[in-house]
Amino acid sequence: MKVTEHIENAKGKTLFSFEIIPPQKGKSIQELYDNIDPLMEFKPPFIDVTTSREEFIYIDKGNGLLDKKLTRMRPGTLGICASIKHKYNVDTVPHLLCGGFTQEETEYMLVDCHYLGINNVMALRGDAMKHEQSFVPKDGGNHYAVDLVRQINDLNCGKYLHEVMDVDNRADFCIGVAGYPEKHLESPSLQSDLRRLKEKVDAGADYVVTQMFFDNAKYFAFVEKAREMGITVPIIPGIKPIAVQKHMQILPQIFRIDLPEDLIHAVDKCKNNAEIKQVGVEWAIQQSKELKAAGVPFLHYYSMGKSENIRQIASQVF
Ligand code: FAD
């Protein structure tokens, strides 16, 4: 079922969903299942599976020289989606990236999704690779998420990249896109970023999932501005509980988001990561309860492959 159909069927009730990341190349999928299992009691109608960008790795050639190779360290997004769908009878949402994929490769993936009965996809640009100053699409690839949305929407209309005769089994993807309550880091202003979001919706996006935020006021203001701009699709808040001290530095640095002073003070008082994790859980519970009371369609959690803190939060909120 489509994410938007789940929202319609819920008739105003807030639902639970979460995002997982594929295991590192060579690791078993079992750890992923072990982390999904405890979350299934909260009946997620869908689970998102991220896609990683390729990155350079260095292989020792044995003669003192290093070989530089471009590789994806966490492959398997589509396989994981198919296996979770089958194992748990739940909808899955693979993340599709512009970065690192040609339009042709994207089309192949969409065809695979269609045959697998996966009819939700998240359309994302992806970040620049570590060695790049700014994002560079692959030759023949989509540049912005809006271009990817257009490609998916074209396919929904039966338009493949090259003419296909007799399309009698049309794909019908529900398309999710990213939104940024504190604006995307490359965008000159929130208003300009919202105009880009509107372009994605006008191109066919059906719903928005937000970047993590720690101050609900930022989400509420974002939704209000989006509505003023004519963005009417559901805007699902993304929640990430702080789990370790490192998050306090890297989350604002990587995502250019603000951490509220009260949260910083609460973490400062902690003596170890176990206490920090507890502060993160309690903060996310408060955030979630307020968002739920405001009637958000879903509370979508960034699990980063670990479920214990998400389970604690969900057990207090759902
Ligand atoms: P876009 O919507 O293309 O926007 C990128 C930037 O370009 C913005 O600053 C925007 O304002 C600007 N812009 C847009 N269109 C134009 C235009 N036509 N001309 C000029 N400027 C323009 N990353 C991953 O690698 N894998 C994942 O699985 C993944 N999942 C994510 C899930 C969610 C919910 C979110 C919020 C982010 C996720 N990301 C993921 C991160 C995402 O790829 C990055 O934030 C990326 O830098 C931007 O992606 P986007 O789809 O928002 O890009």
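What is the mean pLDDT of the protein, and what share of its residues reach 70 or more? After that, please describe helix α4 (residues 103–116).

Author: The mean pLDDT, the predictor's confidence in each residue on a scale from 0 to 100, is 96, and 100% of the residues reach 70 or more. This is a predicted model, in which local features need pLDDT of at least 70 and side-chain atom pairs count only at pLDDT 80 or more, while totals for chains, interfaces and linings use all residues. Residues are numbered from 1 along each chain as its sequence is written.

We may now turn to the helix itself. Helices here are DSSP runs of H or I with at least four residues, strands are runs of E with at least two, and both are numbered from the N terminus. Helix α4 spans residues 103–116 and has 14 residues. From its first C-alpha to its last it reaches 20 Å, close to the 20 Å expected at 1.5 Å a residue; the expected span is 1.5 Å times one less than the number of residues.

A residue is buried if 20 or more other C-beta atoms lie within 10 Å of its own, exposed if 12 or fewer, and partly exposed in between, with C-beta atoms placed from the backbone. The buried residues of α4 are T106, L110 and C113. They cover an arc of only 55 degrees around the axis, and therefore lie on the same side of α4; the arc is that of the directions from the helix axis to the C-beta atoms. On the other side of α4, E104, Y108 and Y115 are exposed.

The buried residues of α4 pack against α3 (77–88), β5 (91–97), β6 (120–124) and α5. Contact means that two C-beta atoms, placed from the backbone, lie within 7 Å. L110 is one of the contacts of I152, which also touches V121, A123, F173, I175 and G204, leaving aside neighbours within four places in sequence.

Finally, α4 is followed by G117, whose phi is positive, near 75 degrees.
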